[in-house]
Amino acid sequence: MSVDSGSASMAARLGIKPGMVVQELGWDEDADEDLRDSIAEVSGSDMVDEDTDEVADVVLLWWREDDGDLVDALVDAIASLADDGVVWLLVPKSGRPGHVAPGDVTEAAPTAGLAQTSSISAAKDWSGIRLVTPKTARTRR
């Protein structure tokens with residue numbers, strides 16, 4: 001399978017590089033397949049799921065308003081994350097079914113031990129919110 005340069009740039013916007021381990025959580029039928037294919041193409045391997053023993057460089061968390069407790073999901077997302085890893089929280093864009101209010105993310109991220117650094121348009125129907133563990137928390141782990 002070959003991903004065109006436009007699709008490859010989708011993964012590049014998420015900071016995906018060859019050889020990275022990308023863990024995917026929260027997949028459902030509404031997930032953007034072009035983005036998923038782009039990530040596999042650029043990283044050079046399929047994404048791993050929640051049952052992996054590997055340390056993830058990036059966790060891709062698909063999240064919708066009715067998916068449950070966001071804090072719990074974020075805590076689960078960082079369980080196998082590398083110290084310098086990144087969580088990309090993917091939420092439906094405004095006006096799409098399952099849209100998550102920005103305030104929900106702003107409230108949940110610090111409770112889970114994460115800091116929000118940026119937001120992007122990750123795919124046609126999905127916004128990406130970049131979350132990292134604050135440097136002070138990394139030194140205490």
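1. Which residue caps the N-terminal end of H3? In this predicted model, the cap is Asp69, from which a side-chain oxygen lies 2.9 Å from the backbone nitrogen of Val71.

2. Helix H3 spans residues 70-78, and its buried residues are Leu70, Ala73, Leu74, Ala77 and Ile78. These residues are on the same side of H3, because they cover an arc of only 130 degrees around the axis. Among the elements that cover them are strands E1 (22-25), E2 (56-62), E3 (81-92) and E5 (126-132), together with helix H4 (102-111).

3. In H4, the buried residues are Val105, Ala108 and Ala109. Seen down the axis of H4, these fall within an arc of 105 degrees, so they line one face of the helix. They pack against H3, E3, strand E4 (115-123) and E5, whereas the face turned away from this buried side carries Thr106, Glu107, Pro110 and Thr111, which are exposed. Just after H4 comes Gly113, whose phi is positive, at about 90 degrees.

4. Lys93, in the loop between E3 and H4, deserves a separate comment. This lysine is buried yet has no salt bridge, and the nearest side chain of opposite charge, that of Asp125, is 6.6 Å away; a salt bridge would need a side-chain nitrogen of Lys or Arg within 4 Å of a carboxyl oxygen of Asp or Glu. Leaving aside residues up to four places away in sequence, Lys93 touches His99, Ser121, Ala123, Lys124, Asp125, Trp126 and Ser127.

Terms used: Residues are numbered from 1 along each chain as its sequence is written. This is a predicted model: local features need pLDDT of at least 70, side-chain atom pairs count only at pLDDT 80 or more; totals for chains, interfaces and linings use all residues. Side-chain values use heavy atoms; hydrogens and water are left out. Buried means under 20% relative accessible area, exposed over 50%, partly exposed in between (1.4 Å probe, protein chains only). Helices (H or I, at least four residues) and strands (E, at least two) are DSSP runs, numbered from the N terminus. The arc is that of the directions from the helix axis to the C-beta atoms. Contact means heavy atoms within 4.5 Å. A polar contact is a pair of N or O atoms within 3.5 Å; within protein, one must be able to donate a hydrogen and the other to accept it, and residues adjacent in sequence count only if both atoms are side-chain atoms. Lys and Arg count as positive and Asp and Glu as negative; His and the chain ends are not counted.
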